[in-house]
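Dear colleague,

I am passing on the structure we spoke about, and below it you will find my notes on what turned up when I went through it. Please read them with the model open beside you.

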Amino acid sequence: MMKEMATCSICLNLMTEPVSISCGHSYCQVCMEQYLSQVPRSQGQRMFCPLCQASFHIDSIWSNKQLGNLIELIKKMEDAEDELVCEPHRQWLHLFCEEDSQLICWCWGPQHQGHVTVLVEDVCRGYKDEREAQRQKIKSDFENLRTFLHEEEKSCLWRLEKEEGQILSRLRESEANLQQKSDGLKSHILELEAKCQSSAQKVLEDVKGTLSRRFTTFPCVLGCEGFTSGKHYFKVDVGEGTPWDVGVCMDNVERGLSMKQKPEFGFWAIQLCTENGYVALTSPHTALKLHERPLVVGAVLDYEAGAVSFYNMTGGSHIFTFPKASFSDTLQPYFQVYQYGPLFLPSCSE
């Protein structure tokens, strides 16, 4: 009925740019212009409607925009109709074949024989529900991912803060140890300077004990504690790559120019030197092939068994054990430092 009302009585098609006259009828603008051009001029300005023959004045023709909008809507509806109509049967596509994922009409052909078909409204509702469930799942997955990343960020930041606190604590402890050693050395220097500036009697007072703590030729030093029995262990932070000697020696070893770092002369030590790398100070020296550079070296002394062993505390591996010896005097920890050598003893807690 709408299409009929919007059809031009002259060309019998949907109106294009419709115009209306005083009687209420409407026509295509082009059709009306052609109609007016065929009317004899002798008739003047008075015209007659092609449909109802009612008279109208030529100046009373007006463009019907509202009707034009309605006609555009009818055309769109016709286009949509064509999309939802089966071409072979000119029937509405009311069914959906689930196996072929295809819209079909009630007159479906043999190619859909035995296939599961459902009403378009039902399958559309199901797919909408499925898409909504999928959308909700995606939203939930992203929300869980955001929560996980947030928790992971907090965990990483907490670990960094904890590690930072531990590092600062170790640095403060190392600083305190270095300060303590520095204060001890300053005190010893002041003691020596004071003795050197005092009387001859003061200089000679306990001269043997004073000199016994400082090797005269090489930059060596002994630990303050001596061992005459039992099992003992100490570890040394040797730093990264600078030369060093670490081990034990007899309390009465030679400390001058004729000092020889060998077991027969009272030394059981290992060494890192620039020329030869890691060696055990045996006679002759034993080259040590280490798979990992030790940052901390542990020394183990078993006095009764006559054993001195060394371990890489960085990787927990054995470095070297000296052949069995027979100790008869006090043994002390022995260290030799070189220029820029950062040897120091870690605290018990480390």
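**What was found**

Two bridges join strand β1, which covers residues 18–20, to strand β5, and the two run antiparallel. Please keep in mind throughout that this is a predicted model. Within this pairing, Val19 stands opposite Ser63 of β5. The two strands belong to an open sheet of three strands, whose order is β2-β1-β5 and whose pairing is antiparallel. Its edges are β2 (26–28) and β5 (62–63), each of which pairs on one side only. Helix α2, made of residues 29–38, packs on this sheet and touches β1 and β2, and its direction makes about 95° with that of β2.

A further open sheet has six strands, in the order β11-β20-β13-β14-β15-β16, and here too the pairing is antiparallel. The edge strands in this case are β11 (220–222) and β16 (286–287), since each pairs on one side only. At one end of the order, β15 and β16 pair in the antiparallel sense over two bridges, and Ala280 has Thr286 in β16 as its bridge partner.

Is Gln332 buried or exposed? Gln332 counts as buried because its relative accessibility is 11%, and the cut-off for buried is under 20%. The side chain of Gln332 reaches the backbone oxygen of Gly223 at 2.9 Å. If neighbours within four places in sequence are left aside, the residues in contact with Gln332 include Leu222, Gly223, Cys224, Gly247 and Val248.

Strand β17 (residues 296–302) is mostly covered, with six of its seven residues buried. Strand β12 (residues 231–237) pairs with β17 in the antiparallel sense over seven bridges, and there Phe234 has Ala299 as its bridge partner. Strand β17 is also joined to β18 by six bridges, again running antiparallel, and in β18 the bridge partner of Ala299 is Phe310. The hairpin of β17 and β18 has four residues between the strands, and in it Gly306 takes a positive phi near 70°.

Ser309 lies in strand β18, which spans residues 307–312. Ser309 is buried because its relative accessible area is 9%, which is under 20%. Which side chain does Ser309 join through a polar contact of 2.8 Å? The partner is the side chain of Thr321. With its neighbours within four places in sequence left aside, Ser309 is in contact with Gly298, Ala299, Val300, Phe320 and Thr321.

**Aromatic pairs and nonpolar cores**

How many aromatic pairs does a search of the whole structure find? The search finds seven. In one of them, the rings of Trp244 and Tyr278 have their centres 6.2 Å apart and their planes at 55°, so this pair is tilted. Because Trp244 lies in strand β13 (residues 244–250) and Tyr278 in strand β15 (residues 277–280), the pair ties together parts that are 34 residues apart in sequence. Both partners are buried: Trp244 has a relative accessibility of 2%, and Tyr278 has a relative accessible area of 16%.

Phe320 and Phe322 form an aromatic pair that is edge-to-face, with 5.1 Å from centre to centre and 90° between the planes. Phe320 counts as buried at 13% relative accessibility, and Phe322 is buried as well, with a relative accessible area of 3%. Apart from these pairs, Trp268, Tyr303 and Phe327 form one aromatic cluster.

As background to the last point, nonpolar side chains tend to be buried together in soluble globular proteins. In this model, the largest nonpolar core has 39 residues, and those touching the most other members are Trp244, Trp268, Ile270, Val308, Phe310, Phe327 and Tyr334. A second, separate core has 18 residues, among them Leu14, Val19, Ile21 and Leu67.

With best wishes

Key
Residues numbered from 1 in each chain as written. Predicted model: local features only at pLDDT ≥ 70, side-chain atom pairs only at ≥ 80, totals over all residues. Heavy atoms only, no water. Pairing = 2+ DSSP bridges. Contact = heavy atoms within 4.5 Å. Axes fitted to C-alpha atoms, helices over the stretch in contact; angles between N-to-C directions. Buried < 20%, exposed > 50% of the residue type's maximum accessible area, 1.4 Å probe, protein only. Polar contact = N/O pair within 3.5 Å; in protein donor to acceptor, adjacent residues only side chain to side chain. Phe/Tyr/Trp six-rings, centres within 6.5 Å; stacked < 30°, edge-to-face > 60°. Core = buried A, V, L, I, M, F, W, Y, C linked by side-chain atoms within 4.5 Å.
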